[in-house]
Amino acid sequence: MGNSSIKRVLVVDDEEGYRRLVQEYLQTLDFDCRVAADAAEALHELNRETHELVISDIRMPGKTGLELSREALRLYPHLDIIITTGHPSDYTYSDIIDAGAADFIVKPFDMAELKAKIERIDRERRIVSDLHATNRALALESAVNSSIAKLSKALINSVSVDEISELVLWHAMQLTDSEIGFVGYIDRDSGSFVAPTMTGKVWDQCSMERKNHVFEKFGGLWGWVLDNQKSIVTNDLQKDPRSSGVPAGHLPIERFLSVPAIVDEQLVGQIALANAARDYTERELSVIEQLAAIYALRVRRRWNVEDLLRAKNHLEYVFDNSVEAISFVDRHGRPVKWNKVASETFGYSEEEMKGKKVFDLYPDKDALGRMLNQLRRQGFVKRYEIDMKRKDGRIAPFEVSIRLLKSKEGETMGSVAVAMDLSDLKKTMADLQLANEQLHGEITQRKRIEDQLREAQVQLKQLLEERTVKLSRAGEIMKKSIDRFKSIAEE
């Protein structure tokens, strides 16, 4: 990043490990990186030398990172500040941005993520810088230059897109002497055009039916600008072939200037002005295009933050609602994040775990040592069975999967672990084993009985056969006896 507009960076963190790690990484990117352990030391360093960027932790002895941000920006408005925190649930995005920070990042973080944020801030600084340079080159009067400069600074530090839209509209109308106008943005979910600035004369004096500041369909010259993503400057609407006329009840439009707000070839909004005291010229168009560039940058930046927050909220939802115990641990073995299932499983709240080390949960230190050796060798352990101890002292078998989290340089930053209690599974397997043994015994007993029945059937068959033979012989003897009696009787 040798061509970066950011030359000197100040890293503020009370934890020396993070401080040095970030400093060493930024130095590999050719930044002049200084460090400070707290806000007082940071302010001293800022007073001593000019810095372009501050990367500060929130929780520190003395003043917090948010307090440092406010005071530093009051003294050095040119600064950009990135806030880091290992406790994102304790602070809102508004808390951080209201303090003047340009961005935030959650510990533990990937150095590539930090680099991307610095590059984004640097791009924005370059765009604003280029805009200022262009303004000077155009030799606009001092009032125009002053308005552009003030607006650029306001846009960088503003939070609400609605507030930004109002600021852009005010400056645009002042710089072009326009009587009316509006500024709005594209809603990404619906594709509608939202114009929060549709107030004042545009709203009060317009007698059109079903007025709304949200437009699902685009029409007229402003719609042409959005559909074609091209600027319009016209001082005679009746002769402009792009005009479809002014609807009944609409304010009369004599002159019209509109510029699409585009960033990275993506349409994000629009600035529209009308009824200037004099004809619009290329000078006004150039000024409004500059404002549109700043506005587009700020809307896109807001979108990016919203995307990050959605992703963060989704990850936190998945993390908190996982069916297994999950924890993020720093390189010293201290839990940084501890989900609900982990609290329920081990009995420790996330707050209680902040003062402990996860190693304390393993009662057998020899078994723990073997697992850690494998973790260091491979960088992970998968479905490793080991005993763990709950808060109430009960020991239970667990299946543990752990993966080391490393920086881009390969240095271990911490780890993420997933633990599943095997107690119920072990009991179920034991019950199943017992049931199998009982079933096997019953099958053996049944086979023995069946063998005895077959043997009895054989014996019964033999007895029946013997009895049949004997009866047959007895019958023959009786027959002979009867025949003998008959012959004697006949004599």
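The following questions and answers examine a predicted model of one protein chain.

User: How is this model numbered, and what limits apply to a predicted model?
Analyst: Residues are numbered from 1 along each chain as its sequence is written, and side-chain values use heavy atoms, with hydrogens and water left out. Because this is a predicted model, local features need pLDDT of at least 70, totals for chains, interfaces and linings use all residues, and side-chain atom pairs count only at pLDDT 80 or more.

User: How many helices and strands does the chain have?
Analyst: Helices (H or I, at least four residues) and strands (E, at least two) are DSSP runs, numbered from the N terminus. By this rule the chain has 14 helices and 16 strands.

User: What percentage of the residues of the chain count as buried?
Analyst: A residue is buried under 20% relative accessible area, exposed over 50%, and partly exposed in between (1.4 Å probe, protein chains only). Of the 491 residues of the chain, the buried share is 42%.

User: Which residue of β4 is the bridge partner of D57?
Analyst: Strand β3 (residues 53-57) and strand β4 (residues 80-85) run parallel and are joined by 5 bridges. In β4, the bridge partner of D57 is T84.

User: Is D103 buried or exposed?
Analyst: D103 lies in strand β5. Contact means heavy atoms within 4.5 Å, and, not counting residues up to four places away in sequence, D103 touches I81, I82, I83, I96, K117, R120 and R301. With a relative accessible area of 4%, D103 is buried.

User: With which side chain does the side chain of D103 make a polar contact?
Analyst: A polar contact is a pair of N or O atoms within 3.5 Å; within protein, one must be able to donate a hydrogen and the other to accept it, and residues adjacent in sequence count only if both atoms are side-chain atoms. For the side chain of D103, the contact is at 3.4 Å, and the partner is the side chain of K117.

User: How far apart are the end C-alpha atoms of helix α7?
Analyst: The expected span of a helix is 1.5 Å times one less than its number of residues. Helix α7 (residues 161-176) has 16 residues, so it should span 22 Å. The separation of its end C-alpha atoms agrees with this: 22 Å.

User: How many residues of strand β11 are buried?
Analyst: Strand β11 (residues 266-276) pairs with strand β6 (residues 178-186) in the antiparallel sense over 7 bridges. Strand β10 (residues 256-263) also runs antiparallel to β11, joined by 8 bridges. Strand β11 is mostly covered, and of its 11 residues the number buried is 10.

User: Why is β6 described as largely enclosed by the rest of the structure?
Analyst: Besides its pairing with β11, β6 is joined by 2 bridges to strand β7 (residues 193-194), which runs antiparallel to β6. Strand β6 is largely enclosed because, of its 9 residues, the number buried is 8.

User: Which residue in the turn between β10 and β11 has a positive phi?
Analyst: Most residues other than glycine have a negative phi, and most peptide bonds are trans. Strands β10 and β11 form a hairpin with 2 residues between them. In its turn, the residue with a positive phi of about 50° is D264.

User: Is N275 buried or exposed?
Analyst: N275 is found in strand β11. Its phi is near 60°, a positive value in a residue other than glycine. At 10% relative accessibility, N275 counts as buried.

User: What is the relative accessible area of D30?
Analyst: D30 lies in the loop between α1 (16-28) and β2. Phi of D30 is positive, near 75°. D30 is exposed, and its relative accessible area is 61%.

User: What is the omega of the peptide bond from K107 to P108?
Analyst: P108 is placed in the loop between β5 and α5 (111-137). The bond from K107 to P108 is cis, with omega near -15°.

Notes
Pairing = 2+ DSSP bridges.
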